[in-house]
Structures are given as structure tokens and as C-alpha cells.
Protein chains: 2
Amino acid sequence: MELDERKTKILQAIIKNYLETGEPVGSRTISKYTDLNLSSATIRNEMADLEELGFIIQPHTSAGRIPSDKGYRFYVDAMMLEHEKEVEQLKDVLLEKEEKLDHMLKQAAKLMAVNTNYATMVTAPRSSRNVLKFLQLSRMDASHILAVIVIEGNVIKNTVIEVAESLNDETMLKLNILLNTHLNGLSVEEINLGLITALKQQAGMYGPIIEEVIDAVAETIKEDEDLEIYTSGANNIFKYPELSDNQKASDLINAFEEKQLLTQLIDDTNTEGKNEIKVYIGEESPIQTMKDCSIVTANYEFGDGMRGMIGIIGPKRMDYDKVVGTIKTIKSQLDTMYKKDED
Amino acid sequence: MELDERKTKILQAIIKNYLETGEPVGSRTISKYTDLNLSSATIRNEMADLEELGFIIQPHTSAGRIPSDKGYRFYVDAMMLEHEKEVEQLKDVLLEKEEKLDHMLKQAAKLMAVNTNYATMVTAPRSSRNVLKFLQLSRMDASHILAVIVIEGNVIKNTVIEVAESLNDETMLKLNILLNTHLNGLSVEEINLGLITALKQQAGMYGPIIEEVIDAVAETIKEDEDLEIYTSGANNIFKYPELSDNQKASDLINAFEEKQLLTQLIDDTNTEGKNEIKVYIGEESPIQTMKDCSIVTANYEFGDGMRGMIGIIGPKRMDYDKVVGTIKTIKSQLDTMYKKDED
DNA sequence: ATTAGCACTCGACTTAAATGAGTGCTAACG
DNA sequence: CGTTAGCACTCATTTAAGTCGAGTGCTAAT
């Protein structure tokens with residue numbers, strides 16, 4: 001049996017209707033659709049076929065049909081094709097230029113949540129190549145030195161180092177030159193024990209300071225790895241009865257609060273080399289607790305090899321059309337952002 | 001009518017029982033309490049009195065009684081008195097020394113959530129006096145200058161400033177000296193327009209850089225004001241049926257995600273000059289959406305006039321005893337923390 | 001002052017029946 | 001042959017009625 005023209009139309013009508021109402025849709029409802037003038041009986045026959053083909057499901061004997069994961073998949077694929085043509089623009093500017101990165105991302109998450117009425121997430125961009133760009137020690141007061149560490153992609157980290165006795169300007173200068181000449185442009189792998197020992201030797205009595213600085217460098221680069229995730233609109237799930245029974249809601253909220261779980265999504269999105277939008281439907285989700293949801297994700301690029309992820313999570317009957325549109329808009333905004341705003 | 005010895009005992013028995021079960025408690029249940037040998041009929045009479053006094057409520061004619069807000073208040077006040085004596089210690093160390101502040105606070109929130117099974121929050125410590133402590137410009141690369149700003153309490157902020165042409169070392173040194181000699185130790189109010197104009201004049205052609213730096217300083221100090229809040233265990237609310245109906249749960253989750261709302265709590269806790277634990281019961285809460293909850297909060301001090309807040313939010317029938325204990329423990333941990341760990 | 005007893009209330013639960021949306025199948029129709 | 005009208009059947013949901021029982025208030029006896 002094949003999916004002919006008419007079956008396709010009926011299938012899409014069923015899904016569309018279900019997306020709107022969240023209720024199983026029956027043959028009579030479809031037969032009333034204007035553009036195909038068929039009686040409910042005919043529709044019933046077709047529906048039986050569609051069920052056999054696995055696109056729709058009957059929750060129980062005397063109920064209408066709802067889309068199966070396969071049905072959603074079909075619908076989404078068709079829609080994505082449609083979408084290739086247009087990239088609409090969200091009306092309002094994402095934000096003013098002077099805002100800081102984290103505010104901006106938080107804002108982006110919120111914007112998506114408000115626009116779609118689903119739960120959303122945005123991860124901070126993460127650099128793929130972690131090399132030290134710049135390093136600076138300065139005297140803060142008699143017993144504290146401030147180390148500023150800048151790694152590729154302008155991730156900046158400060159560490160305060162406590163010292164027993166005050167260092168004079170000349171020593172500070174020497175240490176700065178020593179560190180910068182030897183470490184700049186190196187990745188964390190390249191800063192090995194041999195190099196460290198050599199540096200410490202050259203620094204003489206200030207060896208311990210060098211060690212602390214290098215520790216801080218290592219930590220900064222490492223820390224950059226357990227990335228930040230901004231979420232918004234988690235409470236939107238209560239708008240969809242199929243997600244708001246106690247157990248499910250609790251699990252979902254937990255995932256959003258812990259964020260740990262969301263990282264699985266990132267890995268999955270990142271390994272996919274292509275720069276495209278991904279849609280997970282139900283069981284396709286890499287996150288177990290979200291198998292009653294659909295998830296739409298995309299990568300964005302922040303220049304300098306920095307990449308982050310945005311995602312929207314909602315019920316399987318989400319408005320895929322709108323969601324994909326929103327994701328596209330936000331993605332393109334973020335993609336072009338770093339040119340204007342370098343933080 | 002007065003609250004005599006026996007009434008007090010009965011009231012406490014009612015509340016205690018209700019805290020455990022979450023169900024209205026009837027006269028027979030109380031009469032079976034060992035230490036006061038009274039028949040259910042007697043209890044009923046007393047209960048009628050207690051209701052008239054406003055300590056307990058009958059949800060409907062033929063149901064048992066549940067505590068009113070006033071009843072809870074009575075119970076909590078009695079308990080707090082009890083608690084003055086002992087400060088128990090949570091068995092495990094809060095965390096290892098080397099963790100960073102935000103990790104630490106996140107950890108604290110989580111620890112409390114796991115311990116109590118309620119939702120929790122911890123705010124980052126905020127300095128009351130915002131004066132500039134230290135300021136440093138350094139050349140990052142040909143077209144970028146890095147400004148590091150340290151304000152009292154060791155809040156550190158970095159800003160990258162883009163410059164048209166590279167500055168030589170001497171100029172950088174001059175600017176650094178200029179800025180530090182004039183600005184160190186000043187609060188944001190003291191850095192007025194007159195001072196800024198004078199500085200710009202002295203800087204000559206580098207006036208625009210000065211301006212950017214000062215903007216960044218102002219922003220840093222301001223930013224410190226919209227403080228960060230860490231939350232944990234929001235999904236715990238699903239463990240209490242009285243909070244998990246859709247509307248309420250949605251509101252609560254929203255408050256926890258937005259965090260904006262939680263700031264009301266902070267203001268309220270802070271204005272209270274005393275360093276004590278506060279308990280809000282039901283309608284007493286400064287946050288409207290939490291009027292079905294109880295909230296327990298405390299301030300902690302992080303040295304240097306830095307203060308933050310910790311709080312636990314749960315159903316009105318929360319285990320006040322345990323909650324107050326936990327809060328006390330965490331508070332004392334945080335209070336003593338800054339001596340060991342200066343970040 | 002305390003208690004036993006009893007009538008009464010009312011939410012929660014159980015059961016049964018009615019409802020109605022929706023199906024599958026068959027036979028008739030163009 | 002595809003389409004449709006008609007009909008018997010299914011089954012979740014709604015509605016109504018009935019039962020249960022925990023709990024109360026009141027009264028009269030101890």
C-alpha cells in the first residue's frame with residue numbers, strides 16, 4: 001500500500017487538527033474539511049489504511065485517531081521542506097548592543113518561550129579550541145595578586161592569589177613577561193609538566209606563584225567546558241494537559257532545573273556536523289524523561305569557533321511550523337550577533 | 001477565653017498530626033494520644049473552643065480540623081523558642097575549599113533541597129558599600145584593551161574596549177596611573193561629572209577610552225545590584241498534593257524560574273536588621289503567588305559587609321523543626337566560610 | 001468537668017445507567 | 001470500482017443515585 005495524494009492530505013488534516021485541539025480526531029471532523037469532499041465513511045476507510053501504515057493510532061476502540069511518532073515525523077519532514085524557502089524575521093530586535101552575553105542569552109531563551117508558549121533553552125557558546133590568549137598579573141593590594149586569564153574566544157577569568165609578602169613593580173613586570181612569552185597561544189595540552197618546571201625554575205623564589213597561576217589557567221579552560229545553560233518558560237508545560245500529570249511534570253521541571261540532563265541534547269546536536277535544525281519526536285529524544293515531548297534544536301555560531309545551542313521543548317503536538325520559524329530567527333540573530341558585539 | 005495548658009497541648013497535637021498526614025485531623029485521633037487521657041467528646045469541646053479562638057479551621061462541616069495560619073504561627077513561635085538552645089551540625093562538610101563561589105552557593109541550595117524535600121533558594125552575597133578598589137588596563141592585542149575592575153568585596157569585572165589604533169606601553173602606564181590615583185576608593189556616587197570631565201581633559205586624545213572605562217565601572221557596580229539567585233528542588237513541590245494542582249504549580253515553578261519574584265523576599269529579609277531566622281506562613285508571605293506556602297529565610301554574612309540570603313519554601317504543613325535546623329546549619333556554614341575561603 | 005450516645009452532615013467513593021463520539025462492516029448506488 | 005448511507009457495536013466520559021464513614025454538635029447521664 002502506498003501513501004497517495006489523498007491519503008497524504010487526510011493525514012495532514014488529521015495531524016493539523018490534533019495539533020490544535022489535543023483531542024483524538026474522528027472521521028466526521030475530517031469529512032467536513034472543505035477541500036476534499038468525501039463522506040465520513042470514505043475517510044474511515046482511508047484512516048484504517050493510514051493506521052495500518054503506522055501513521056496514526058487509535059487510543060482505544062471507539063476513539064478517533066491521533067498521530068503516531070511516525071506520523072509526526074512525516075508531517076515535520078514535509079514542513080521542513082516547505083520552510084527551506086523562507087526565513088522570516090521576528091519583528092523586534094533581540095536586544096540592545098550593550099547587554100552582556102549572559103543577559104543576552106537569557107533574553108533569547110525568554111523571547112522564544114514567550115513567543116511559542118513552550119519551554120526553551122539556550123546554551124552559552126563554547127569554544128572548541130581552548131588556547132590561552134593573554135595573561136596578566138597585577139598587584140591588588142599588599143597581600144593579593146590578581147591574575148586575569150583570557151582564552152580564545154574572549155572568555156575571561158579572574159583569580160585572586162594570596163601572597164605572603166608584597167612584590168615590587170619590577171618583579172611583577174618580570175613575571176608578566178615570563179608568563180606571556182612562554183604561554184601565549186598554547187592550548188592546555190601543550191602546557192605540560194616540563195614547561196611548568198622550566199618556568200618555575202626561571203621564576204626562582206616566585207615559583208609558587210607561577211604554579212598558582214597555571215592552576216588557574218587550567219581551571220579556567222576546564223571550567224569553560226561545563227557550560228552554562230539558560231532556560232525559560234518551564235512552566236509552560238502546564239498549558240498542555242498531556243504533560244502536566246504529576247510525575248511527568250515533576251520530571252520535566254527537574255530536568256530544567258538541574259540542567260545536567262539537558263547536556264545530552266547538546267552532545268547530540270553538536271556531533272551532527274551540519275548546521276541544521278533537528279527535530280526529535282517522542283521516543284527519538286535522547287533524554288528519557290522527555291519521551292512524551294518533542295524537541296527542536298539548532299546550533300548557532302558565535303565566531304572564533306564558538307558554538308552554542310538553542311532548543312525548544314514542548315508536547316508532541318507542538319506547533320512545529322511556528323517553532324521552527326522561531327528557532328530559525330533566533331539562530332540567525334545569534335549567528336550575526338558577534339560581528340556587532342564583541343564582549 | 002484563654003489558651004490554657006490543655007488547649008495548648010491539644011492544639012500542638014492537632015498541628016503535629018496534620019503536618020505528618022496532610023489530612024484534617026479529627027477528635028478521635030487526638031483522644032488516642034497517650035499523654036492526655038481524654039475522650040473524643042472532650043476533645044471536640046476543646047476543638048470548638050480552639051476554632052472559636054481562630055487557631056484551627058474546619059474545611060467543611062463534617063471534617064476534622066486543620067491549622068489556620070494563626071495556628072501555624074503559634075506552633076512556630078513555640079518551636080523557635082525551643083530551638084534557641086541547640087544548634088545542631090549537619091554531618092557532612094558543605095564542600096571542599098577550592099570550589100568557586102557560585103558552585104558553592106548552588107551546592108548549598110541543593111544540599112538544603114535534598115535534606116528537606118522542599119524548594120530552596122540561595123542568593124549570592126551582595127556588598128552594601130560599592131566602592132572601587134582597583135582598576136587595571138592592559139593591552140590585549142593591537143585593537144583591544146582589557147579593563148579589569150575590582151570593587152569592594154572582590155567582585156571583579158572585565159570589559160574589552162575596542163580602540164582604533166594600538167597604544168604604546170607608556171600611554172597604557174599613564175592611563176593606569178591616572179585612573180587609579182583618581183578613582184580608587186570612590187563610590188559610584190562620588191564619581192561625578194566634574195571628576196569625569198577633569199579626567200578626560202588630562203587624558204587628552206585618550207578621553208574616549210577613559211569614558212568607556214568609567215561607563216564600565218558604573219555598569220559593574222550597578223550590575224552587582226541585580227543579584228544572582230540559585231534555586232534547587234523546585235520539583236519537590238509535586239510531593240505535596242496541596243501545591244501541585246496545575247495553577248499553583250505553574251505559578252510556583254514560574255517564580256522559581258524567573259527569580260525576579262524572589263527578590264521581594266530578599267528585600268524583606270534584609271530590611272530586618274536583626275540576624276535572625278524569619279518564618280512567613282501563608283498570607284504573611286510577601287510574595288502573592290506563595291500564599292499557600294510557608295517560607296523560612298535567614299541572612300548570612302560573608303565578611304566585608306557582604307550579605308546574602310538563604311530560604312526554604314514548602315507547604316504550610318512543612319516540617320518547621322527540620323527546616324529551621326537546616327537553615328541554621330547552612331547559615332552558620334556560610335557565615336564561617338569567608339574566613340577560610342577568599343575568592 | 002467529663003463522657004457516652006445519637007442524630008446529623010457532607011465529602012469521598014462505588015455503582016449503574018445514559019450519552020455520544022467514533023468505528024467497522026455491509027449493501028446499495030452511480 | 002470507488003463512494004456512500006446505514007446500522008450495530010464499542011467504550012471513554014458524564015451523570016445520578018446510593019452507600020460509607022469520618023467527624024461533628026448537642027444532650028443527658030455520670
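This is a short tour of a predicted model, starting with chain A and moving on to DNA strand C. Residues are numbered from 1 along each chain as its sequence is written, while chains are lettered from A and ligands numbered from 1 in the order in which they are written. Local features need pLDDT of at least 70, side-chain atom pairs count only at pLDDT 80 or more, and totals for chains, interfaces and linings use all residues, with side-chain values resting on heavy atoms and with hydrogens and water left out.

Select chain A and colour it by secondary structure: there are 11 helices and 11 strands, taken as DSSP runs (helices H or I of at least four residues, strands E of at least two) that are numbered from the N terminus. Of its 343 residues, 52% count as buried, that is, under 20% relative accessible area with a 1.4 Å probe and protein chains only.

Next, select DNA strand C and the 21 residues around it, of which Ser27(A), Arg6(B), Thr42(B), Thr61(B) and Ser62(B) come nearest; a residue is near the strand if one of its heavy atoms lies within 4 Å of it.

Now show the side chains of Thr61(B) and Ser62(B): a polar side-chain atom of Thr61(B) lies 3.0 Å from a phosphate oxygen of DNA strand C, whereas an N or O atom in the side chain of Ser62(B) is 2.9 Å from a base oxygen. Finally, select helix H3 (40-52) in chain A and in chain B, the elements that give two or more residues to the surface near DNA strand C; H3(B) gives the most, with 4 residues.

Key: Buried means under 20% relative accessible area, exposed over 50%, partly exposed in between (1.4 Å probe, protein chains only). A polar contact is a pair of N or O atoms within 3.5 Å; within protein, one must be able to donate a hydrogen and the other to accept it, and residues adjacent in sequence count only if both atoms are side-chain atoms.
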